[in-house]
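Keep the 3D view open as you read.

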Amino acid sequence: MFAPNFSFEQEQQFFLDIQQSIENNSFDRLILSQYKGEIAQLEKMTFRVIELQGQANLSCLYHHSTQDITKNYSIAEGLEKIAELLSLSKQANLFSTEQDVQLKKNKKKAMLKIQKKQVSTDKVGQQQHDREKQRYVQQQSPFLKHLGITDEKGQIVPSMARKWKQINKFIEIFSHAYEQIDASQQELNIVDFGSGKGYLTFALYDYLQAQQKTPLITGVELRSNLVEFCQNVADQTGFNHLDFFEGDVRSYQPEKLDVMIALHACDIATDFAIHTGIRLNASMIMCAPCCHKELRPQLQSPEVLQPMLQFGIHAGQQAEMLTDALRALLLKAYGYETKVFEFVSLEHTSKNKMILATKQKDIQQPDAKIMQQIQALKAMYGIEKQSLELLLQDQMPIENIGCKC
């Protein structure tokens with residue numbers, strides 16, 4: 001077994017605990033945070049054990065300030081990587097079925113905190129099985145059968161395999177973002193604008209319930225038949241705090257909001273949804289924008305870019321990138337840590353960009369430096385109107401929402 005050279009006795013013991021938990025199949029996850037190495041924008045790392053081609057591997061999700069990257073290692077390679085990153089991280093948390101261990105370091109000493117657990121053998125085996133599959137939603141969950149994801153035997157319907165993958169990817173993204181907000185909060189008020197058939201809405205409720213949380217979730221959807229269908233499924237599965245409302249961001253205005261979700265809200269409906277999240281001080285905002293129409297007619301090509309943007313497809317891509325860049329910058333200006341990255345595309349659409357924002361600080365006024373960056377971008381492209389900015393300045397009525405498609 002790989003034996004690293006550590007300067008602190010406590011750090012060495014922590015690493016031995018990692019090795020032992022992997023060897024006895026009790027390892028759940030390892031989080032290394034407050035990274036102080038040379039990799040630019042790397043904030044923390046999350047290690048889990050997965051199964052690839054019948055072999056156990058260590059999978060690491062590298063959380064950067066602008067993107068997340070996953071890399072898989074053999075157990076031996078993974079331990080070497082852990083040892084390297086552990087020495088460059090000021091805090092580490094090991095979660096296993098036997099104990100939770102926390103390591104904190106400063107320049108002079110390291111402190112180790114251990115909390116023992118009592119877990120039955122059956123539960124250990126079940127958790128190991130779940131961990132290897134890297135599933136965030138249990139395949140036997142009754143709601144999956146009602147939604148047509150699984151059959152009567154609890155097996156994934158072949159035609160829904162892609163949707164099953166999307167569900168788990170969405171919950172994986174949520175779970176990592178959830179670690180950055182107040183995870184001790186028992187009740188979570190969540191609104192999913194444009195919930196559709198409720199695949200992700202139900203999965204999120206199921207996931208949070210499994211984490212011993214009380215999710216208070218409302219799915220907001222314009223199509224009355226889907227609202228009725230989803231509400232019936234919620235009643236049948238005993239999801240007592242999951243409700244569905246017929247309407248959109250204009251007609252449903254929550255009083256309290258911890259998590260705001262809007263996947264594929266059309267055009268400036270995304271701006272209205274983000275504004276709702278910011279206005280209600282949501283801890284997390286998740287958006288997958290759709291059909292960017294507002295900025296395209298306003299776009300004036302800077303002279304140096306005119307040869308490139310004379311082609312319609314390039315102008316459209318530029319308008320889309322500019323739209324989402326302005327949204328992300330506005331979120332940052334209002335106290336959110338914001339990432340823009342590719343998300344597994346949902347059914348019937350090629351739109352797969354996600355804007356993920358987590359609240360980091362309360363502010364009285366938006367960040368002046370970021371607002372200057374926004375004005376410079378707008379000036380460069382001749383943009384006079386951007387809906388989210390106007391909403392945040394109380395200069396746009398809620399009725400002026402965008403299209404439906």
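On a 1 Å grid over the protein atoms alone, a cavity is a set of points where a 1.4 Å probe fits but cannot get out. The volume of the largest cavity is about 40 Å³, where a volume is the space filled by probe spheres set on the points, with grid points joined across faces, edges and corners.

Before going further, keep in mind that this is a predicted model, where local features need pLDDT of at least 70 and side-chain atom pairs count only at pLDDT 80 or more, while totals for chains, interfaces and linings use all residues. Residues are numbered from 1 along each chain as its sequence is written, and side-chain values use heavy atoms, with hydrogens and water left out.

Who lines the largest cavity? Its lining is made up of Gln180, Glu337, Lys339, Leu356 and Thr358, lining residues being those with an atom within 4 Å of a point. Strand S13 (336–342) and strand S14 (353–359) are the elements that give two or more residues to this lining; strands here are DSSP runs (E, at least two residues), and helices are runs of H or I with at least four, both numbered from the N terminus. By type, the lining splits into one nonpolar, two polar and two charged residues. Here Ala, Val, Leu, Ile, Met, Phe, Trp, Tyr, Cys and Pro count as nonpolar, Asp, Glu, Lys and Arg as charged, and the others, Gly among them, as polar.

Now for the charges. The whole structure holds 13 salt bridges, each a side-chain nitrogen of Lys or Arg within 4 Å of a carboxyl oxygen of Asp or Glu. One of them pairs Glu172 with Lys169 at 4.0 Å, N to O. Both sit in helix H5 (residues 161–178), three residues apart, about one turn of the helix. Glu172 is buried at 17% relative accessible area, whereas Lys169 is partly exposed at 28%; buried means under 20%, exposed over 50% and partly exposed in between (1.4 Å probe, protein chains only).

Glu221 and Arg223 form another salt bridge, with the closest N and O atoms 2.7 Å apart. Glu221 is buried at 6%, while Arg223 is partly exposed at 47%.

Then look at Glu389 and Lys378, whose side chains meet at 2.6 Å, N to O, in a salt bridge. Glu389 lies in helix H12 (residues 387–392) and Lys378 in helix H11 (residues 368–381), so the pair ties together parts that are 11 residues apart in sequence. Both Glu389 and Lys378 are buried. Elsewhere, salt bridges with shared partners link Asp271, Glu320, Asp324, Arg327 and Lys353 into one network.

Definitions and conventions. 1 Å grid on protein atoms, 1.4 Å probe; cavity = no way out; pocket = protein on both sides within 12 Å on 5 of 7 lines; lining within 4 Å.
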